[in-house]
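Student: I would like to learn how to read the features of a model such as this one. Please take them one at a time.

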Amino acid sequence: MIYDPIINLNSGTDEDSEFMPLFSIDEEDESNIQEDFPEQLPVLALKNTVLFPGIVIPITVGRNKSIKAIQKAFQDKKIIAVLSQKDSRIESPKASDLYTIGTIARIVKLLKMPDGTTTAILQGRRRFRLVEMLQEQPYMTAKISMIEHEESDNDVEFQALISTITDTARRIIELSPNIPAEANLVLRNITNNLFLLNFIASNLSLKVAVKQEILEINPINQKARMILIQLENELQVLELKDQIENKVRGDIEKQQRDYYLNQQLKTIQEELGHNPQEEEIDRLMERSTLKKWSEKVAKHFDKELNRLRRMNPQVAEYSVQLNYLDLPWDQATTDNFDLKKVKKILDADHHGLEKVKERILEHLSVLKLKGDMKAPILCLVGPPGVGKTSLGRSIARALGREYVRISLGGLHDESEIRGHRKTYIGAMPGRIIQSVKKAKSANPCFVLDEIDKVGKDFRGDPSSALLEVLDPEQNSTFHDNYLEMEYDLSKVLFIATANTLSTIQPALLDRMEIIQISGYSTEEKTAIAEKHLLPKQLAEHGLKKGQLKLNTATLEKIIQEYTRESGVRSLDRQIAQICRSVAHKVATGAKYKPTQTPEDVEKILGPRKYNIERFLGDNPPGVSIGLAWTSVGGEILFIETSLSAGKGALKLTGNLGDVMKESAVTALSYLKAHSQEYGIDPEVFNKTDIHLHVPEGAIPKDGPSAGITMLSALASAFLDKPLKQLVAMTGEITLRGKVLPVGGIKEKILAARRLGIKMVVLCAENKQDVEEVPARYRKGLRFRYVTEMGDVLRFMLQLRR
């Protein structure tokens with residue numbers, strides 16, 4: 001009879017490690033097996049276990065001879081002779097290295113594992129004795145003889161042994177943390193006594209020699225006694241462990257009781273007028289003697305400590321004074337000057353951002369050579385989601401400094417920066433000093449997040465208070481109202497973050513070193529998703545690496561059709577949604593494909609949110625494509641022009657700002673003044689009403705960079721001739737016909753490339769800005785540089801001079 005056993009393939013190898021034998025609750029031992037077995041069989045040598053009749057075990061076969069033997073047996077009658085080695089260290093055993101009594105096994109299943117090894121599921125059938133080893137190469141073959149089994153004895157002594165063995169085994173199951181409670185149910189379901197003995201012997205943690213001795217014992221009563229002795233030994237060990245654990249548990253409860261009594265004692269001491277705060281004062285005194293402070297700081301600290309000693313602990317000022325003395329006075333960490341290691345950490349944590357990394361490495365290089373210098377005040381400016389804030393943590397980790405972050409968004413009160421005077425009840429230092437205290441270091445890496453969103457009202461102007469904090473010439477003597485003395489912030493590495501510079505106070509802006517961080521290209525977003533976002537989301541959703549895979553094509557589909565951003569925050573959310581869907585399928589056991597295709601992603605995320613194809617179609621006359629800069633990166637801008645019979649009125653719609661409206665008026669004035677040059681009848685302007693519209697009217701739009709785009713749209717409408725397709729424009733215009741340079745070139749180039757634009761027309765003075773953009777961002781784009789508005793129209797409308 002062949003069983004379908006419960007299989008656990010995490011059991012190890014047959015030749016190298018221990019494992020838990022497998023079994024079927026259908027009982028079968030050698031006493032009721034009526035099969036005829038061949039006298040010659042292939043031999044499988046086991047290193048560190050013994051196979052018993054009726055027991056099913058998984059064996060991971062690793063040695064060549066063993067693989068050949070198992071394959072030969074599986075091809076024939078799936079019967080193999082199993083013998084255990086005397087010494088598990090022998091890699092190529094001979095007949096003299098094996099025990100002479102073993103078990104004939106049936107190969108239930110043969111599995112090829114992912115790591116290339118072979119796992120066989122063996123079921124023990126009957127014991128045999130080795131008569132002669134016939135061959136040892138290419139695998140071992142032996143002549144064997146069956147061992148006649150002894151019939152089960154039902155006398156009173158044997159039944160008592162079986163009952164004692166069962167009770168002892170149940171007690172072991174209760175005490176052992178490694179054996180599940182369900183094992184008791186298995187024991188109750190076993191009615192065959194010989195199978196019960198084999199099952200227990202196989203599961204005992206015994207040496208191979210002891211298990212082999214049990215296998216070789218033929219009188220069943222003697223075998224039962226041997227197993228009972230081993231069970232008693234195992235039970236004694238478990239009971240001793242249980243006693244030790246109970247004692248440790250009692251000790252822990254005693255510690256908790258002692259803590260409670262100590263708290264009561266402290267209260268009693270306070271009632272009696274004792275001073276338990278003396279320990280705090282002693283701690284502060286010890287700290288002052290260990291620190292190498294400047295003479296000024298040491299003198300001030302001793303003065304304030306003496307003041308604390310004279311205070312009554314019950315007054316409110318006592319806690320204020322204690323917090324005051326607990327500040328990290330002049331206590332700094334040591335920077336990591338291994339520049340290669342610093343660069344490696346920065347590169348591992350963030351993709352791109354080369355300017356910031358280069359600036360940090362330059363600062364460390366100077367610090368390494370000079371030994372001491374004021375830390376730079378950096379301001380990282382860029383769209384949301386490009387990694388400005390997380391870069392601060394990465395820099396702190398690379399330098400070996402403590403990391404501190406405060407959010408300045410919505411901050412209105414100046415005292416949040418400078419703190420309150422100690423004379424006020426509940427006084428506390430400002431957030432700068434508080435954060436330094438939290439870091440327990442005088443030179444942390446300090447991130448001032450969202451510095452462009454600081455507000456001001458009747459309570460003061462926090463941005464003005466920040467002038468002293470962020471001025472390298474002043475912050476060495478920063479004055480916090482709570483401290484009542486100067487504090488040196490010159491060693492702190494301040495890193496401010498902002499989305500735009502327009503809302504930052506000019507004086508504050510002048511004190512910071514501005515580093516522009518642009519958005520990411522599709523290729524960079526794909527690399528960031530593969531390297532950072534996907535592994536992070538897999539870990540957060542409890543998924544293993546092989547349970548979800550997103551290839552490059554799938555990630556590009558998510559980036560292009562479900563996100564419209566310069567950073568990767570929205571991309572991170574879309575990947576998280578896919579992880580949640582896969583996690584649900586894994587948890588419910590539903591079938592799914594680990595590698596998600598673009599089609600699978602569409603089923604999870606729904607219909608695409610953004611259609612890149614709308615930018616690639618043929619635009620009619622009067623429609624042009626512009627490039628715009630926004631606080632979240634570059635964007636495509638359509639300009640639509642419609643002409644109708646009228647009196648020459650110009651109507652502008654699309655939620656346009658004043659500067660943008662003025663650009664439209666300038667474009668029309670230039671076109672009227674040079675109409676004959678471009679083949680337009682001057683009279684048509686007096687008989688035609690013009691409607692110029694910029695779609696997505698809910699979004700406010702402003703700025704001069706759409707000048708040449710509006711000019712091209714107007715000229716295209718009046719000439720009834722479409723503009724060149726897949727060409728985007730950006731540039732300011734003047735009444736004299738000049739094209740002026742504009743900003744945000746990198747963001748605009750990324751937007752054009754992301755949305756399938758083939759060429760960009762812009763001012764010749766912007767050429768240096770284009771060349772500063774890395775070549776990988778410009779791949780697939782051509783640039784047309786112009787200086788005159790006439791050059792734009794002749795190129796876009798293919799007009800002759």
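Tutor: What follows goes from the whole chain to single residues and pairs. This is a predicted model, in which local features need pLDDT of at least 70, side-chain atom pairs count only at pLDDT 80 or more, and totals for chains, interfaces and linings use all residues. Residues are numbered from 1 along each chain as its sequence is written, and side-chain values use heavy atoms, with hydrogens and water left out.

Student: How many helices and strands are there in the protein chain?

Tutor: Helices (H or I, at least four residues) and strands (E, at least two) are DSSP runs, numbered from the N terminus. The protein chain has 27 helices and 24 strands.

Student: What share of the residues is buried?

Tutor: Buried means under 20% relative accessible area, exposed over 50%, and partly exposed in between (1.4 Å probe, protein chains only). Of the 801 residues in the protein chain, 49% are buried. Accessible areas come from the Shrake-Rupley method with a 1.4 Å probe, and for residues only the protein chains shown count as cover. For the protein chain the accessible surface is about 39800 Å², and 50% of that belongs to carbon and sulfur atoms.

Student: Which contacts does Met226 make beyond its neighbours in sequence?

Tutor: Contact means heavy atoms within 4.5 Å. Met226 sits in helix H6 and is buried because its relative accessibility is 15%. Leaving aside neighbours within four places in sequence, Met226 is in contact with Val210, Glu213, Ile214 and Ile217. From Met226 to Glu213 the separation is 13 residues in sequence and 9.1 Å in space, C-alpha to C-alpha. For the protein chain, residues 24 or more positions apart account for 74% of the contacts with a separation of 6 or more.

Student: Which residues join Arg608 in a network of salt bridges?

Tutor: Begin with the pair of Arg608 and Glu561, whose side chains meet in a salt bridge of 3.8 Å, N to O. Arg608 lies in the loop between helix H20 (598–605) and strand S16 (623–630), and Glu561 in helix H18 (residues 552–562), so the pair ties together parts that are 47 residues apart in sequence. Arg608 is partly exposed at 34%, whereas Glu561 is buried at 13%. Through shared partners, salt bridges join Lys557, Glu561, Glu602 and Arg608 into one network.

Student: What describes a pair of aromatic rings?

Tutor: The distance of the centres and the angle of the planes describe such a pair. Rings of Phe, Tyr and Trp (its six-membered ring) pair if their centres lie within 6.5 Å; planes under 30 degrees apart count as stacked, over 60 as edge-to-face and the rest as tilted. The structure holds five aromatic pairs. One of them, Phe195 with Phe199, is stacked, at 6.5 Å centre to centre and 10° between the planes. Both residues lie in helix H4 (residues 193–203), four residues apart, about one turn of the helix. Phe195 is buried at 1% relative accessibility, and Phe199 is buried at 9%. The pair of Phe685 and Phe718 is tilted, because the ring centres are 4.7 Å apart and the planes at 50°. Both Phe685 and Phe718 are buried.

Student: Where is Gln85, and which side chain does its own side chain join in a polar contact?

Tutor: A polar contact is a pair of N or O atoms within 3.5 Å; within protein, one must be able to donate a hydrogen and the other to accept it, and residues adjacent in sequence count only if both atoms are side-chain atoms. Gln85 lies in the loop between strand S3 (79–84) and strand S4 (101–112), and is buried at 1% relative accessible area. Its side chain joins that of Arg63 in a polar contact of 2.8 Å. The side chain of Gln85 also reaches the backbone oxygen of Ile90 at 3.1 Å.

Notes:
Salt bridge = Lys/Arg side-chain N within 4 Å of Asp/Glu carboxyl O.
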